[in-house]
Each structure stands twice: as structure tokens, then as C-alpha cells.
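Subject: Structure handover

Hello,

Here is the structure for you to look over. Please open it beside this message as you read.

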Amino acid sequence: MAFHSCAHSFSFSILFCMFAMVTSQLTSVCYQSTCPQALSIIRSSVISAVAKEHRMGASLLRLHFHDCFVNGCDASVLLDDTSSFTGEKSAGANVNSLRGFEVIDDIKTKVEAVCPGVVSCADIVAVAARDSVVALGGPSWNVGLGRRDSTTASKDAATKDIPSPLMDLSALISAFANKGFNTKEMVALAGAHTTGLARCQLFRGRVYNETSIESNFATSLKSNCPSTGGDTNLSPLDVTTSVQFDNAYFKNLINQKGLLHSDQQLFSGGSTDSQVTSYSNDPSAFYADFASAMVKMGNLSPLTGNSGQIRTNCRKVN
């Protein structure tokens with residue numbers, strides 16, 4: 001029987017994991033003895049999923065963001081609705097757009113097969129986000145581990161806490177400040193929009209009503225996003241290098257080619273213009289700041305100790 005637990009042996013990694021559980025501090029070596037195959041299983045599964053569909057890298061990154069911004073990084077975003085709660089999947093920011101659940105399910109099944117009851121869904125989501133960025137050519141970072149999974153979820157919390165693509169700069173700054181991020185970190189995290197796609201209904205207003213958009217770019221978008229209908233038609237968030245994780249997103253903003261209103265707000269004569277300019281000229285600075293901000297996001301209110309549980313099925317409470 002391949003059962004592993006944090007009481008299996010007194011190696012350094014278990015001591016680290018126990019320390020994490022007691023102090024609420026995550027550690028990158030938490031599963032080194034309890035489930036040494038976990039990280040390689042996640043990585044190979046993500047590489048396979050991204051190779052099969054490049055967009056999946058952006059989807060898994062977004063899944064982590066939408067998880068962490070709602071009551072912390074606790075895999076609550078993965079829970080299906082029950083008779084006792086309406087989960088986050090049906091919130092406006094998530095419904096018909098959040099993706100990657102099947103990839104997480106697949107990883108969880110593989111991990112459970114080798115070390116049942118050890119690795120949380122929340123940790124799988126966090127590692128998958130990092131591995132997705134790397135698979136798309138972006139930076140890596142050390143993912144702290146030792147999170148546990150929530151036993152409930154809240155559609156209302158997701159509706160309230162996830163920033164809207166229609167927000168102005170001041171609202172964006174406030175939304176991220178509410179989660180402990182400064183403006184520089186917010187701009188760095190926005191750089192995740194260097195990959196992935198968005199639906200017409202989210203940028204139609206910008207394309208047809210705003211002036212801070214390059215005319216040829218607007219014309220090309222209108223061909224795929226009519227003034228009525230076509231709500232689910234997709235366009236790349238980064239028109240230059242739509243798949244690759246790079247700093248082209250920031251160059252696009254300077255050229256008034258931000259797809260979403262919230263994107264272009266970062267370069268609109270406001271306080272974040274200089275940071276956008278800096279990242280457009282220095283990809284290594286963007287990579288370093290993005291990685292640091294992702295570590296910070298992964299540390300948002302994790303469940304540790306006796307809080308929560310290690311779900312067997314990421315979609316439902318044990």
C-alpha cells in the first residue's frame with residue numbers, strides 16, 4: 001500500500017512540512033519524502049496539456065489567480081455546487097470561461113495513485129500555474145507547498161473579489177491592494193495577459209467606444225467581434241506573440257493595443273505608465289517581478305495545520 005503521510009519519517013522535508021503546518025509558512029520541499037514523485041507528475045502533465053493546446057497554459061495560470069483571490073489559495077475554485085453552497089464556478093468572472101479543471105483532475109488522479117491522501121488540490125493548482133508559465137517560455141519560481149483544501153466555496157466572494165476587465169486604473173489598484181499587492185506588483189501580475197484569449201463580450205465596449213485604441217487594431221478586432229452577437233468569439237490578449245510568455249504585452253499597451261479596457265488602463269497617462277514602459281524595455285525585470293508577485297500570491301491565506309482537508313476528488317469535499 002503506497003500510503004504516505006507527514007508522519008512517515010523524520011527527514012528534513014517532513015520537518016519542514018510539519019513546520020509549515022504549525023506556522024502557516026509554506027515550504028518548497030514539503031513533499032520531498034512524503035510524495036517525491038508529485039512535482040514531476042505535475043510538470044509532465046502540464047507540459048503534455050500545453051503541448052496539446054497552448055491556451056491551456058494561460059488557463060491553468062488564471063485558475064490559480066482566481067483561486068487565490070477568493071478566500072486564499074485553497075482550491076475552493078474547483079468545488080462543484082452542492083445543496084449547502086453555490087460555488088465559485090458560476091460567478092460572473094468564471095462561468096463559461098474558467099478552464100483547466102480536467103487537467104487538474106488528471107493530475108490529482110495520477111498523484112493519488114502513488115501517494116494517496118498527501119498532496120492537496122490547492123498545491124497542485126499552484127504548481128501547475130508555475131509549470132504552465134515555464135512551458136510557455138516564461139520565468140520559474142519556487143512554489144511553497146503545504147496548503148490544504150477548503151471544505152466550502154462562495155460564488156458571492158468570487159463575484160466581489162475577482163477584478164473586472166472593465167475596471168479603471170484606480171479600481172484595479174484598489175482591488176489588488178485589498179489583497180496586499182502594491183501597484184508595481186499589480187502591473188507585473190497583469191503581464192500574465194501576455195498569453196491567453198478573451199471573449200468578445202469583454203472587449204466589445206473598448207473596440208467600439210474607446211479612443212485609446214490603435215485604429216488598425218480596432219478594425220481587425222471588429223471583424224471577429226461584431227457590435228451585436230458573437231459574444232463568445234475569442235481574440236488573443238497579446239496580439240503580437242499570443243502564446244509565448246514574454247514582455248510583448250507591455251509593448252502592445254504603449255502602442256494602444258491592449259485588448260481589455262483594464263489592460264489599456266495601465267498605460268493611459270496615469271501612475272503606472274512608467275512601470276509599463278520599464279517592463280516593455282526590460283523583459284528580465286518583468287520576469288523577476290512577476291515571479292516574486294506569484295510567490296506572494298501563492299501565499300494568500302493558505303489553509304494549514306488542521307484547517308481544511310486533503311481532498312481525494314478536487315471537485316468535491318471528502
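Below are notes on the whole chain, followed by a few residues.

First, the ground rules. This is a predicted model, where local features need pLDDT of at least 70, side-chain atom pairs count only at pLDDT 80 or more, and totals for chains, interfaces and linings use all residues. Residues are numbered from 1 along each chain as its sequence is written, and side-chain values use heavy atoms, with hydrogens and water left out.

**The whole chain**

The chain has 14 helices and two strands. Helices (H or I, at least four residues) and strands (E, at least two) are DSSP runs, numbered from the N terminus.

The C-alpha trace spans about 65 × 45 × 35 Å along its principal axes. The radius of gyration is 20 Å, which agrees with the value near 20 Å for a compact globule of 318 residues. That radius is taken over C-alpha atoms, and the globule rule is 2.2 Å times the number of residues to the power 0.38.

Of the 318 residues, 51% count as buried. Buried means under 20% relative accessible area, exposed over 50%, and partly exposed in between (1.4 Å probe, protein chains only). The chain exposes about 13400 Å², and carbon and sulfur atoms supply 53% of that area. Accessible areas come from the Shrake-Rupley method with a 1.4 Å probe; for residues, only the protein chains shown count as cover.

Take contacts between residues at least 6 apart in sequence: 73% of them join residues at least 24 apart. Contact means heavy atoms within 4.5 Å.

Charges come to 25 positive and 26 negative side chains. The centres of the two sets lie 3 Å apart. Lys and Arg count as positive, Asp and Glu as negative; His and the chain ends are not counted. Each charge is placed at NZ of Lys, CZ of Arg, CG of Asp or CD of Glu.

**Two positive phi angles**

A75 is not a glycine, yet its phi is positive, about 60°. A75 sits in the loop between α3 (55-68) and α4 (101-114). A75 has 0% relative accessibility, so it counts as buried.

S301 is not a glycine either, and has a positive phi of about 40°. S301 belongs to the segment after α14 (283-298). Its relative accessibility is 51%, so S301 counts as exposed.

K108 is in helix α4. Is this lysine buried or exposed? K108 is buried, because its relative accessibility is 2%. Leaving aside neighbours within four places in sequence, K108 is in contact with V119, C121, I124, I310, R311, T312 and C314. K108 and V119 are eleven residues apart along the chain, and their C-alpha atoms are separated by 8.2 Å.

T194 lies in the loop between α8 (183-190) and β1 (197-199). T194 is buried, at 0% relative accessible area. Beyond neighbours within four places in sequence, its contacts are D238, T241, S242, Q244, F245, D246, A248 and Y249.

Q309 is in the segment after α14. Q309 is buried, with a relative accessible area of 14%. Which residues does Q309 touch, not counting those up to four places away in sequence? They are R148, D149, T151, V317 and N318. The Q309 side chain also reaches the backbone nitrogen of N318 at 2.7 Å.

Best wishes

Key: Polar contact = N/O pair within 3.5 Å; in protein donor to acceptor, adjacent residues only side chain to side chain.
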